[in-house]
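Let's take a walk through this structure together.

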Amino acid sequence: MSANIKAKELIDAVTVPKELTERQITLAKHYIKSKMEEGFTVSEFCSSNSLSSKTWYGWMENPDFSNYVEEIQGAIIPDDEREAFQELKKKIKNIAYKSNPSVKEIDLFMDTFGYVVADDKKQRMEALGLTDENGKSKGTASDKSMAERKANLLSKLKGGGK
């Protein structure tokens, strides 16, 4: 079976959200196939498909559309490329254990593991009482006063809990 036929089958097997239009579905499929085969910028893709970049980015803000695009991409990534990425990720992870990593190595690590950085920041903010029960950052006038937050933080630092 040719790679193009296999890719089409994998793409067509992805469940399409009911909220998407036929044009969105067609362009999402075409975008991923073209991206993997040719490589291009979003601007070039939009121009060649009579679509404004603003419209494309608007669609990408729609979770149904963006998730669909991600699922299509995930469906056609070959297993050997996934394995290669996992091997490379292991090598990048080893940067953390180097005694003197370069700035480029640190940037590479942070880019690759940005999700870990974001989660660590969220956990630290929660531990310091700087987020509400929904994980949102506190700091608006309707939240606790500065004195209350300071007292809460000092209490935690002294080991007194909340």
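Start at Lys29, which is partly exposed with a relative accessible area of 23%. On this scale, buried means under 20% relative accessible area, exposed means over 50%, and partly exposed is in between (1.4 Å probe, protein chains only). Before going further, a word on what you're looking at: this is a predicted model, where local features need pLDDT of at least 70, side-chain atom pairs count only at pLDDT 80 or more, and totals for chains, interfaces and linings use all residues. Residues are numbered from 1 along each chain as its sequence is written, and side-chain values use heavy atoms, with hydrogens and water left out.

So what does Lys29 pair up with in a salt bridge? Its side chain meets that of Asp12, at 3.1 Å from N to O. A salt bridge here is a side-chain nitrogen of Lys or Arg within 4 Å of a carboxyl oxygen of Asp or Glu. Asp12 belongs to helix 1 and Lys29 to helix 2, so this pair ties together parts that are 17 residues apart in sequence.

Now step back to the whole chain. The protein chain has 9 helices and 0 strands; these are DSSP runs numbered from the N terminus, with helices being H or I of at least four residues and strands being E of at least two. Of its 162 residues, 21% count as buried. The chain exposes about 11,800 Å², and carbon and sulfur atoms supply 54% of that. Such areas come from the Shrake-Rupley method with a 1.4 Å probe, and for residues only the protein chains shown count as cover. As for contacts (heavy atoms within 4.5 Å), residues 24 or more positions apart account for 46% of those with a separation of 6 or more.

Let's go inside. The largest nonpolar core has 20 residues, and Tyr31, Trp56, Phe65, Tyr68 and Ile72 touch the most other members. A nonpolar core is a set of buried Ala, Val, Leu, Ile, Met, Phe, Trp, Tyr and Cys residues joined through side-chain atoms within 4.5 Å. Two or more residues come from each of helix 1 (3-12), helix 2 (22-37), helix 3 (42-48), helix 4 (53-60) and helix 5 (63-76). Zoom in on Phe65: setting aside residues up to four places away in sequence, Phe65 touches Leu20, Gln24, Ala28, Trp56, Trp59 and Met60.

Leaving aside neighbours within four places in sequence, Ile32 is in contact with Val69, Ile72, Gln73 and Ile76. The C-alpha atoms of Ile32 and Gly74 are 9.7 Å apart, although 42 residues separate the two along the chain.

Next, find the loop between helix 3 and helix 4, where you'll see Asn49 and Ser50. Asn49 touches Arg23, Leu27 and His30, not counting residues up to four places away in sequence. Ser50 has a positive phi of about 50 degrees although it is not a glycine.

Back to salt bridges: a search of the whole structure finds 5. One of them joins the side chains of Glu87 and Lys90, at 3.1 Å from N to O. Being 3 residues apart in helix 6 (residues 79-93), these two are separated by about one helical turn. Another joins Arg124 and Asp120, at 2.9 Å from N to O. That pair sits 4 residues apart in helix 8 (residues 114-127), again a separation of about one helical turn. Arg124 is exposed, with a relative accessible area of 54%, while Asp120 counts as partly exposed at 35%.

Finish on the surface. Leu128, Leu130, Leu154 and Leu157 form a nonpolar patch there, with about 330 Å² of accessible area together. Patches are made of residues with over 30% relative accessible area and no salt bridge; like charges are joined within 9 Å, and nonpolar side chains (Val, Leu, Ile, Met, Phe, Trp, Tyr) within 5 Å. Leu154 is found in helix 9 (residues 146-157) and is partly exposed, with a relative accessible area of 36%.
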